Amino acid sequence: MESVFEYAKRILERVREAERRAGLPEGTVKLVAASKLHGAEAVREAFGAGVRIFGENRVQELEEKQRLGAYEGAKVHFIGHLQRNKVKNLVGLAEVIESVDSAELVRRVAARARELGITQRVLLEVNIGREPQKSGVLPEELPALLDCVESEKGIFAEGLMAIPPATGDLREIVGFFEQMRKLYVDSGAKTYDNSKMNVLSMGMSADFEAAIACGANAVRVGTAIFGART
Ligand SMILES: *Cc1c(COP(=O)(O)O)cnc(C)c1O
């Protein structure tokens, strides 16, 4: 059986290859290794292979692995649904919170960041497939959310994140990636003080290369690096 080290190396190579095919300078696309439900040892192994950003979706799990020194030398992005009562613990701990999707979260994150005297970097999550059970703002709600970010201090929105419907049909998923790309470009056309569309985070284990071809410059890969989550 191959190790996390080898899987991580291979995924990093595949990201670099997809980047090259898309005509992007080396290092443009960031790999976020989604390490949720995998322990500190697996995280260290992926770090040894060159992974420098880890993605977690539970604040408590992030804090625990942080205490164990799992992310030493690396950054952590929060990629899960963020509960209001966890904002206090998370702000300042995650380099980027990728899952901000409401005016209330914007205000709470910004308020906590001001308490800490920092600026919290975030991505705005879009529910591109309009799935009722999913997090994220609807595409037409994005301008209002950007306006909300603009009215706060202590928060900076550096791009968009999306998790398209898990249809298993790559052609359909590519359609959603293309919609995201358009939304990203359109949102970047307006100038804001507290936002700049620099990051488009989309693509997971099964489709990250397609996402890069569609304009993603951040991909979140879990299973293909760490194996199945049990
Ligand atoms: C777990 C997770 C991923 C990675 O999914 P895989 O299919 O395991 O690669 C990506 N994004 C988010 C938000 C996740 O929670």
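User: Before we turn to single residues, which relative accessible areas count as buried, exposed and partly exposed?

Analyst: Buried means under 20% relative accessible area, exposed means over 50%, and partly exposed lies in between. Please keep in mind throughout that this is a predicted model.

User: Which residues is V87 in contact with, leaving aside its neighbours within four places in sequence?

Analyst: With those neighbours left out, V87 is in contact with L82, L105, R108, V109 and R112.

User: How should I read the packing of two helices, and what are the values for α5 and α6?

Analyst: Two packed helices are described by the angle between their axes and the distance between the axes. Helix α5 (residues 103-116) packs with helix α6 (residues 142-150) at an angle of about 20°, the axes being 9 Å apart. Since angles under 35 degrees count as roughly parallel, α5 is roughly parallel to α6. The crossing of these two helices, α5 and α6, is right-handed. On the α5 side the contact is made by A103, V106 and R107, and on the α6 side by L145, C148 and V149; by class, the residues of this contact of α5 with α6 are five nonpolar, no polar and one charged.

User: What angle and axis distance describe α1 and α2?

Analyst: Helix α1 (residues 4-21) and helix α2 (residues 40-48) pack at an angle of about 45°, with 8 Å between their axes, and that angle makes α1 oblique to α2. The crossing of α1 and α2 is right-handed. Here V4, F5 and A8 in α1 meet A42, E45, A46 and G48 in α2, and the contact of α1 with α2 divides into five nonpolar, one polar and one charged residues.

User: How do I check the length of a helix such as α7, and which of its residues are buried?

Analyst: The check sets an expected span against the distance between the end C-alpha atoms: at 1.5 Å a residue, the 19 residues of helix α7 (residues 170-188) should span 27 Å, and its end C-alpha atoms are 27 Å apart, which agrees. In α7 the buried residues are I173, V174, F176, F177, M180, L183, Y184 and S187. These buried residues of α7 pack against β5 (120-126), α6, β6 (155-162), β7 (195-201) and α8 (208-213).

User: Which loops hold L37 and R130, and what are their phi values?

Analyst: L37 lies in the loop between β1 (30-34) and α2, and its phi is near 70°, a positive value in a residue other than glycine; at a relative accessible area of 51%, L37 is exposed. R130 is placed in the loop between β5 and α6, with phi near 50°, again a positive value in a residue other than glycine; R130 has a relative accessible area of 47%, so R130 is partly exposed.

User: Is E131 buried or exposed?

Analyst: E131, found in the loop between β5 and α6, counts as buried because its relative accessibility is 15%. Leaving aside neighbours within four places in sequence, E131 is in contact with I163, P164 and P165.

Note on methods: Residues are numbered from 1 along each chain as its sequence is written. This is a predicted model: local features need pLDDT of at least 70, side-chain atom pairs count only at pLDDT 80 or more; totals for chains, interfaces and linings use all residues. Side-chain values use heavy atoms; hydrogens and water are left out. Axes are lines fitted to C-alpha atoms, for helices over the stretch in contact, and angles run from 0 to 180 degrees between N-to-C directions. Helices (H or I, at least four residues) and strands (E, at least two) are DSSP runs, numbered from the N terminus. Angles under 35 degrees count as roughly parallel, over 145 as roughly antiparallel, 65 to 115 as roughly perpendicular and the rest as oblique. A crossing is left-handed if the near helix is turned anticlockwise from the far one by less than a right angle, and right-handed if clockwise. Contact means heavy atoms within 4.5 Å. Ala, Val, Leu, Ile, Met, Phe, Trp, Tyr, Cys and Pro count as nonpolar, Asp, Glu, Lys and Arg as charged, and the others, Gly among them, as polar. The expected span of a helix is 1.5 Å times one less than its number of residues. Buried means under 20% relative accessible area, exposed over 50%, partly exposed in between (1.4 Å probe, protein chains only).
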